[in-house]
Amino acid sequence: MLKLREDTRESIAKLTLMDDIFMNKVFENDTQRTALLLRIILNNDKIKVIKAVTQQKLKNLSGHDLQLDILAQEENGRLFNVEVQNRSSGAAARRARYHLSLLDTHSLPKGEVYDKLPDNYVIFITQYDVLKGGLPIYHINRKIEENNVAFADGSHIIYVNNKIKDNTPLGRLMHDFNCSNPNDMYYPELAEKARYFKETEKGLTNMGDVFEKLLAKREKEAAMKAAKEKNIEFAKGLLADGMSIEFTVRHSKLSEAEVRELASKLTA
């Protein structure tokens, strides 16, 4: 008998590939299934993945770091970043641009000529039709405006609309991404891996450990948020009573910048 809480088992049974926690486990270090995913989305049966990792962190020494859902690489160096987004705001155009910029930064070793920079791909699988064109897939590539000729810089951004689940290879893939029951999936490779994490003792235990750690993390974040909100309300009360910025900082556990921002709003 599995030593998992009943509510944890029930929650795992409801997970789909549109849930980060489940998608990350299914594609983790799995070049075969990652290649399947990319071949369908890019309509290219020749893609050969040699490396596939999930939750890969890309460092930016002078700015914002990224943690990628899936980062895959081909033999020729091409990189593919696949992101699952259940909120439209998570797939904003400028985010796609930033993801691609960091992929490029990590693709060209120091001292190499620019011709060695490989084609790189950022792919968003979105729960909603973010670009609102009613299309199953959107390919965004640069063009020269004056003559409409492709600007072949090797950068590719793709949005896949999870809302469309028609009887095409891509539509069936999007159907599978929404299946909580492996028996309802079209692609046996995905069904097999989903079944492992949902129905086998080893897979369930593995998934359960990750799930319960995530729950603990979210509970901690919720507690920290509640404490922060309490400190903000306390600081507002002190400021309203005429206390100084310095006094409020000492007693509210907020930074001076946060207290000054609150003070400016109260006097606006």
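Trainee: Is Y159 buried or exposed?
Mentor: Y159 is buried, with a relative accessible area of 4%. Buried means under 20% relative accessible area, exposed over 50%, and partly exposed in between, with a 1.4 Å probe and protein chains only.

Trainee: What should I know about the model and the numbering?
Mentor: This is a predicted model, in which local features need pLDDT of at least 70, side-chain atom pairs count only at pLDDT 80 or more, and totals for chains, interfaces and linings use all residues. Residues are numbered from 1 along each chain as its sequence is written, and side-chain values use heavy atoms, with hydrogens and water left out.

Trainee: How many aromatic pairs are there?
Mentor: Four aromatic pairs are found in a search of the whole structure. Rings of Phe, Tyr and Trp (its six-membered ring) pair if their centres lie within 6.5 Å; planes under 30 degrees apart count as stacked, over 60 as edge-to-face and the rest as tilted. One of the pairs is F124 with Y159, which is tilted, at 5.3 Å centre to centre and 55° between the planes.

Trainee: Which strands hold F124 and Y159?
Mentor: F124 lies in strand β4 (residues 120-126) and Y159 in strand β8 (residues 155-161), so the pair ties together parts that are 35 residues apart in sequence. Strands (E, at least two residues) and helices (H or I, at least four) are DSSP runs, numbered from the N terminus. F124 is buried, with a relative accessible area of 0%.

Trainee: What about Y196 and F197?
Mentor: Y196 and F197 form an edge-to-face pair, with 4.9 Å between centres and 75° between the planes. Y196 is partly exposed at 27% relative accessibility, whereas F197 is buried at 4%.

Trainee: Changing topic: which residues touch the most other members of the largest nonpolar core?
Mentor: In that core of 43 residues, they are I41, I125, L173 and F177. A nonpolar core is a set of buried Ala, Val, Leu, Ile, Met, Phe, Trp, Tyr and Cys residues joined through side-chain atoms within 4.5 Å. Helix α3 (residues 31-42) supplies the largest share of this core, seven residues.

Trainee: And where is helix α2, and how many of its residues are buried?
Mentor: Helix α2 spans residues 20-27, and seven of its eight residues are buried, so it is largely enclosed by the rest of the structure. Among them are F22, K25 and F27. Just after α2, N29 takes a positive phi of about 55°.
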